[in-house]
Amino acid sequence: MTHPDDLLVAIAAMVESRHSSRMSLTVVIPGAVITGRLAPEALWKERVAEVLRDSEHLGQFASAFASLQGSGDRPPEHRDRPTHLHFHVARILQGSFGIPDTGGMYRVALEDVSAWTIGDIGYSDQ
C-alpha cells in the first residue's frame, strides 16, 4: 500500500471542511487521467443517489449512497483524514477526447494517485 501525498490529502480535507465544489484538479491513476472539480463526499454521494433514483433500473441502489455516513466507517484516528477524492463534472482523458462528454462522477482513492496538478486539463474532440 502506498502512502498518499500529504499535500493532496490536505487539499481534499479543505474541500471537505469548506464544503466547496470549486476546486479543479487533474490526477493520474493507474490506467487513467481524470480531470474535473472536487466535491465534498456528502455532496458527491447525494448527487450520485439522485442520478440513481431517477433511473428505472438502478433506483434501488440510491439507498446505499444515502445510508453511507462517509468517514464514520473508519477508525477514529483516521476520521479527519480523507481517503478518497470525489470528482463531479469530471472526464477521463483519452488522447484528445474527454469521456464522458457531459462529465461524470468519479471516486478515486488518494493512495492510487501517482501525479496531480491543480486545474482542469483542456481537451478537444475535433
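**Figure 1. Fold of the predicted protein.** The protein has 3 helices and 5 strands, taken as DSSP runs (helices H or I, at least four residues; strands E, at least two) numbered from the N terminus. Along the sequence the pattern reads α-β-β-α-α-β-β-β. Residues 24 or more positions apart supply 61% of the contacts with a separation of 6 or more. A contact means heavy atoms within 4.5 Å.

**Figure 2. Surface and burial.** Of the 126 residues, 35% are buried, that is, under 20% relative accessible area with a 1.4 Å probe, protein chains only. The accessible surface is about 7800 Å² (Shrake-Rupley, 1.4 Å probe). Carbon and sulfur atoms hold 55% of that surface.

Figure 3. The structure holds 1 cavity of 30 Å³ or more. On a 1 Å grid over the protein atoms alone, a cavity is a set of points where a 1.4 Å probe fits but cannot get out. The largest cavity has a volume of about 50 Å³, the space filled by probe spheres set on the points. Its lining residues (an atom within 4 Å of a point) are Ala12, Val15, Glu16, Leu38, Ala39, Pro82, His84, Leu85 and His86. Helix 1 (6–18) and strand 3 (84–94) each give two or more residues to this lining.

Figure 4. The lining of the largest cavity has 6 nonpolar, 2 polar and 1 charged residues. Ala, Val, Leu, Ile, Met, Phe, Trp, Tyr, Cys and Pro count as nonpolar; Asp, Glu, Lys and Arg as charged; the others, Gly among them, as polar.

Residues are numbered from 1 along each chain as its sequence is written. Local features need pLDDT of at least 70, side-chain atom pairs count only at pLDDT 80 or more, and totals for chains, interfaces and linings use all residues, while side-chain values use heavy atoms, with hydrogens and water left out.

Conventions: On a 1 Å grid over the protein atoms alone, a cavity is a set of points where a 1.4 Å probe fits but cannot get out, and a pocket is an open set with protein on both sides within 12 Å along at least five of seven lines; lining residues have an atom within 4 Å of a point. Buried means under 20% relative accessible area, exposed over 50%, partly exposed in between (1.4 Å probe, protein chains only).
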